[in-house]
Amino acid sequence: MLVLLSAGIAPGLALLCYFYLRDQFEPEPILVVAKAFLYGALVTLPVMFLQFILEREHLFSGSIWHAFLHSALPEELCKWLCLAAIVFFNREFDEPFDGIVYGVSVSLGFATLENILSLFSGGVDLAFGRALLPVSSHAIFGVMMGFYMGKSRFSPRKKCWFLFSFMVPVILHGFYDWIMLTQQKWLYFMVPFMLGLWWLGLKKAKQAHSLSAKHFAQEAAGTQQL
């Protein structure tokens with residue numbers, strides 16, 4: 001049991017630490033990050049129950065409907081609601097890069113509990129593959145969600161970026177599941193998809209870092225003028 005728990009938790013914590021340490025300006029309080037991680041984990045079971053009901057009722061029988069409406073939509077919606085609550089009520093959210101820290105925290109909380117349950121069901125042999133694909137992809141979905149949520153918080157075009165913070169992860173997640181569901185040789189499609197996903201996620205993290213630098217520079221200039 002200890003081996004399964006360790007294998008289930010380790011990938012999520014490693015990825016969370018990676019993105020947390022990229023916050024070079026005002027690192028978020030570890031307790032608040034841990035709460036975000038816990039919130040993401042807590043919504044996993046309700047989402048899985050909803051997906052079980054949808055499966056039993058055969059509401060989304062086609063592959064594309066199953067990928068986007070059965071899997072991607074409920075998972076990303078619940079994570080997005082958790083992140084939105086953090087954004088609106090957390091005073092520590094004071095720079096654009098914070099969106100990525102909290103987005104990744106929520107997303108990896110979800111992915112970690114999902115990973116633990118999958119390993120208990122399928123065995124530790126699945127650990128490596130799940131770390132590379134489901135857990136890793138959830139991290140990048142969280143990056144995208146947090147990037148646009150951060151832009152929404154600190155940009156005049158709040159509604160536009162707020163919508164993007166929900167739609168972009170749903171679309172990316174839906175394509176991920178569609179590849180897994182429809183392609184017999186899915187690995188040939190998944191490898192370039194995951195490479196592109198990580199390239200995009202790291203690019204957004206770099207952009208968020210630049211936005212945070214600009215944000216603090218503007219605040220410093222305003223303080224000096226006062």
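At what angle do the axes of helix α2 and helix α3 cross, and within what distance do they come? I started my notebook with that one.

**Ground rules.** I am working with a predicted model, so I note that local features need pLDDT of at least 70 and side-chain atom pairs count only at pLDDT 80 or more, while totals for chains, interfaces and linings use all residues. Residues are numbered from 1 along each chain as its sequence is written, and side-chain values use heavy atoms, with hydrogens and water left out.

**α2 and α3.** I looked up helix α2 (residues 30-42) and helix α3 (residues 44-57): their axes come within 4 Å and cross at roughly 20°. Helices here are DSSP runs of H or I, at least four residues, numbered from the N terminus. Axes are lines fitted to C-alpha atoms over the stretch in contact, and angles run from 0 to 180 degrees between N-to-C directions. I found G40, A41 and L42 of α2 touching T44, L45 and P46 of α3, where contact means heavy atoms within 4.5 Å.

**α4 and α6.** Next I checked helix α4 (residues 63-89) against helix α6 (residues 127-154), whose axes lie 11 Å apart at an angle of about 40°. This pair is therefore oblique. From α4, I listed E75, E76, K79, W80, L83, A84 and V87, which meet H138, F141, M145, G146, M149 and R153 of α6.

**H138.** I then zoomed in on H138, which sits in α6. Is H138 buried or exposed? H138 is buried, with a relative accessible area of 4% (buried means under 20%, exposed over 50%, partly exposed in between, with a 1.4 Å probe and protein chains only). Leaving aside neighbours within four places in sequence, H138 is in contact with E75, E76, K79, S107, F110, A111, E114 and H173.

**α5.** I tested the length of helix α5 (residues 97-122): its 26 residues should span 38 Å at 1.5 Å a residue, and its end C-alpha atoms are 36 Å apart, which agrees. The expected span is 1.5 Å times one less than the number of residues. I also saw that 20 of the 26 residues in α5 are buried. Just after α5, G123 takes a positive phi of about 100°.

**K206.** My last stop was K206 in helix α8 (residues 186-225). K206 is exposed, with a relative accessible area of 59%. From K206 to S121 I noted 37 Å, C-alpha to C-alpha, across 85 residues of sequence.

Note on methods
Helices (H or I, at least four residues) and strands (E, at least two) are DSSP runs, numbered from the N terminus. Angles under 35 degrees count as roughly parallel, over 145 as roughly antiparallel, 65 to 115 as roughly perpendicular and the rest as oblique.
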